[in-house]
Amino acid sequence: MPDVSHAPSSSSRELDVAIVGGGLGGLYAIHRLRGMGLKVRAYEAGSGVGGTWFWNRYPGARCDVESLEYSYSFSDELQQDWKWPERYGNQPEILQYINHVADRFDLRRDVELNTRIVSALFDSKAGLWTLRTDKGEEVRARYCVMAAGNLSTPRVPDFKGIGDFKGKWYHSGLWPHDGVDFTGLRVGVVGTGSSGVQMIPLIARQAKHLSVFQRTANFSLPARNGPMEPERESRHKADYPARRRAAYDTPFAIGGYPKPTKSALEATPEERNAAYEAKWREGGSISYLYAYTDLLVNKEANDTASEFVRNKIRGMVKDPATAELLAPKDHPIGTKRLCLDTGYYETYNRPNVTLVDVRSDPIAEITSTGLRTGKQEYELDAIVFATGFDAMTGALREIDIRTSDGAVLADKWAGGPLTYLGLMVAGFPNMFVVTGPGSPGVKTQMIASIEQHVDWIAGCIDHLHRQQLDRIEPAEQAESDWVHHVNAVADSTLYPLANSWYVGANIPGKPRVFMPYVGGFDRYKQRCDAVAAKGYEGFALSRTKVPAG
Ligand code: N01
């Protein structure tokens with residue numbers, strides 16, 4: 001339990017807003033809130049800014065949203081000036097962009113690197129948060145913005161024997177900064193989500209032999225990455241602000257894809273195949289899932305899109321048994337994050353690549369010389385865990401968040417996260433969350449969601465100040481109504497059919513709750529705007545009573 005004394009220590013810092021995280025969310029929060037004249041500071045565990053793009057340096061790491069979309073919109077000069085070399089940004093380019101933004105807007109002076117926030121305590125009487133860092137520093141702030149990321153708590157399964165492995169092992173989300181040379185090595189990759197699918201083709205080219213340990217086959221579509229076409233770039237830039245506004249009116253906060261108008265079941269099989277083929281050739285996941293109105297809500301409609309991709313896999317992978325293992329059958333396409341790849345399925349045609357089905361024959365242990373399933377032993381020099389993250393709640397659960405009234409966030413969320421609009425938590429005043437559970441963030445172009453959330457937070461703090469108030473928290477009823485709505489919307493879709501990180505299925509013991517809001521960014525933003533326009537409906541706003549004397 002953190003120290004509940006509130007006398008500022010000698011190393012205490014006083015802020016208006018303490019920000020947790022120096023990724024895309026934390027950086028924009030500095031810019032936006034500092035622009036209002038607030039004293040802000042962000043705390044970042046990494047030795048550099050960039051969040052996800054600072055940590056995930058595995059071979060092939062690349063965004064699955066097109067660069068012209070996956071970028072900040074808050075400065076037209078910035079979006080006009082920046083030149084993306086490819087259709088989809090790779091990790092070094094995106095990190096370079098983020099560093100450019102940090103320099104251009106002079107954000108670094110308000111970022112404390114190499115500093116992890118370990119606890120956050122709200123003193124109800126004083127109306128102040130006290131955050132404690134892993135270096136023992138205390139930070140006191142009226143408001144706290146949690147921009148700690150959704151996929152920022154890497155998870156290696158608790159495999160028996162991992163400490164005995166004599167080779168080297170890595171996690172995709174904690175990749176060494178100077179890279180890893182797999183040349184001549186026998187490598188094992190565990191996990192075939194987005195990270196595994198991106199790295200496998202590149203590791204296969206280097207390794208002497210690559211064994212891929214697959215528990216669940218995932219759908220992946222061709223990214224069709226390539227150099228940015230100058231004409232396309234200038235057309236996009238000529239119309240940038242309007243394109244950004246148009247993106248706000250879509251469910252994924254991504255513009256440029258024509259809105260579907262009919263059900264997949266209204267089309268003939270020939271029409272459907274032609275439509276899916278066109279999307280397959282175009283590349284990109286949004287485009288494919290947006291081919292018809294009902295691919296994510298009607299199983300029969302979805303089956304047509306799933307089977308089209310399964311057939312593509314069967315066509316690309318020469319060995320029929322391997323192709324069948326790679327063709328996903330246990331979840332509808334799109335209900336797990338749809339992967340984008342460059343040469344993923346073809347990689348299994350290489351003589352130095354083996355697919356191991358660890359669904360039928362699970363990993364029993366890591367040995368000193370490799371990995372053992374129930375039936376077989378694999379000699380390995382290196383193991384890569386592309387096994388994902390404690391998604392959406394992991395980063396906040398790692399911080400001991402509580403109030404002097406006795407509320408503890410980990411306890412409150414023991415049965416699954418509870419938020420109002422994904423932005424605030426009842427019982428935890430003045431703590432804002434950026435793109436967390438209950439928000440559509442992870443189902444959208446993240447940077448658009450980040451900007452929308454932070455703008456809303458900025459508007460909220462401004463409103464409080466204008467009203468000479470300094471405290472806000474959601475009403476319990478508003479929060480439970482929102483959680484109910486988030487669940488009801490999810491239940492009206494096919495998403496809950498998949499064992500995905502959206503429901504915490506990859507973390508043993510994590511309560512199975514559908515965490516993101518899948519009602520669409522457009523509807524969500526309208527709701528947030530309406531709540532603000534009605535004087536922050538569903539929230540309790542007040543002024544801290546300073547004890548007399
Ligand atoms: O993680 P994941 P990720 N034994 O959780 C397997 C974003 N992202 O890092 O499905 C064997 O998706 C697990 O198997 P199963 C994106 O949002 C984006 O790949 O649980 N296997 C699964 O195959 C993405 O969705 C980009 O049965 C085990 C894999 O490990 C999110 O990050 C790129 C296992 C984990 O897949 C996470 O992606 C990368 C075990 N005990 C990431 N435990 C782009 O922008 C887990 N697995 C393109």
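# A walk through the predicted model

Tyr-240 sits in helix H7, which spans residues 240-248. The model is a predicted one. Tyr-240 has a relative accessible area of 2%, so this residue is buried. Its surroundings come from elsewhere in the sequence. Beyond the residues up to four places away, Tyr-240 touches Leu-68, Ser-71, Asp-76, Gln-79 and Gln-80. Arg-132 is another matter. Tyr-240 and Arg-132 are 108 residues apart along the chain, and their C-alpha atoms are separated by 41 Å.

Next comes a glycine in a loop. Gly-284 lies between helix H8 (269-282) and helix H9 (285-289). Its relative accessible area is 2%, so Gly-284 counts as buried. What does Gly-284 touch, not counting residues up to four places away in sequence? The list is Tyr-88, Leu-221, Pro-222, Ala-223 and Leu-340. Pro-429 is 145 residues from Gly-284 in sequence. In space, the two are 40 Å apart, C-alpha to C-alpha.

Now turn to the ligand. Trp-501 places a polar side-chain atom 2.8 Å from an oxygen atom of the ligand. Backbone atoms take part too. A backbone N or O atom of Thr-192 lies 3.0 Å from a ligand oxygen atom. For Arg-62, a backbone N or O atom lies 3.4 Å from an oxygen atom of the ligand.

Two residues stand out for their backbone angles. Most residues other than glycine have a negative phi. Met-392 has a positive one, near 70 degrees. Met-392 lies in the loop between strand S16 (382-385) and helix H13 (394-397). At 3% relative accessibility, Met-392 is buried. Asn-430 also has a positive phi, near 60 degrees. Asn-430 is found in the loop between helix H14 (409-412) and strand S18. Is Asn-430 buried or exposed? Its relative accessible area is 0%, so Asn-430 is buried.

Arg-402 is part of strand S17, residues 400-403. Arg-402 has a relative accessible area of 16%. The cut-off for buried is under 20%, so Arg-402 counts as buried. Its side chain has a polar partner. The side chains of Arg-402 and Asp-400 make a polar contact at 2.9 Å.

Further along the chain, two helices pack together. Two packed helices are described by the angle between their axes and the distance between the axes. Here the pair is H15 (residues 446-466) and H17 (residues 521-533). Their angle is about 5 degrees, and their axes are 11 Å apart. Angles under 35 degrees count as roughly parallel, so H15 and H17 are roughly parallel to each other. Which residues make the contact? H15 supplies Ala-448, Ser-449, Gln-452, His-453 and Trp-456. H17 supplies Phe-521, Tyr-524, Lys-525, Cys-528, Val-531 and Ala-532. By class, the contact has seven nonpolar, three polar and one charged residues.

Val-531 is in helix H17. With a relative accessible area of 1%, Val-531 is buried. Setting aside neighbours within four places in sequence, Val-531 is in contact with Tyr-420, Leu-421, Trp-456, Tyr-536, Glu-537 and Phe-539. Trp-456 belongs to the H15 side of the helix contact. Leu-421 is 110 residues from Val-531 along the chain, yet their C-alpha atoms are separated by 9.8 Å.

Leu-421 turns up again beside a serine. Ser-439 is placed in the loop between strand S18 (431-433) and H15. At 0% relative accessibility, Ser-439 is buried. Apart from neighbours within four places in sequence, its contacts are Leu-421, Gly-422, His-453, Pro-516, Tyr-517 and Tyr-524. Of these, His-453 and Tyr-524 are also named in the contact of H15 with H17. His-453 has a polar tie as well: its side chain makes a polar contact with the side chain of Ser-439 at 3.1 Å.

Methods
Residues numbered from 1 in each chain as written. Predicted model: local features only at pLDDT ≥ 70, side-chain atom pairs only at ≥ 80, totals over all residues. Heavy atoms only, no water. Axes fitted to C-alpha atoms, helices over the stretch in contact; angles between N-to-C directions. Helix = DSSP H or I, 4+ residues; strand = E, 2+ residues; numbered from the N terminus. Parallel < 35°, antiparallel > 145°, perpendicular 65-115°, else oblique. Contact = heavy atoms within 4.5 Å. Nonpolar A, V, L, I, M, F, W, Y, C, P; charged D, E, K, R; others polar. Buried < 20%, exposed > 50% of the residue type's maximum accessible area, 1.4 Å probe, protein only. Polar contact = N/O pair within 3.5 Å; in protein donor to acceptor, adjacent residues only side chain to side chain.
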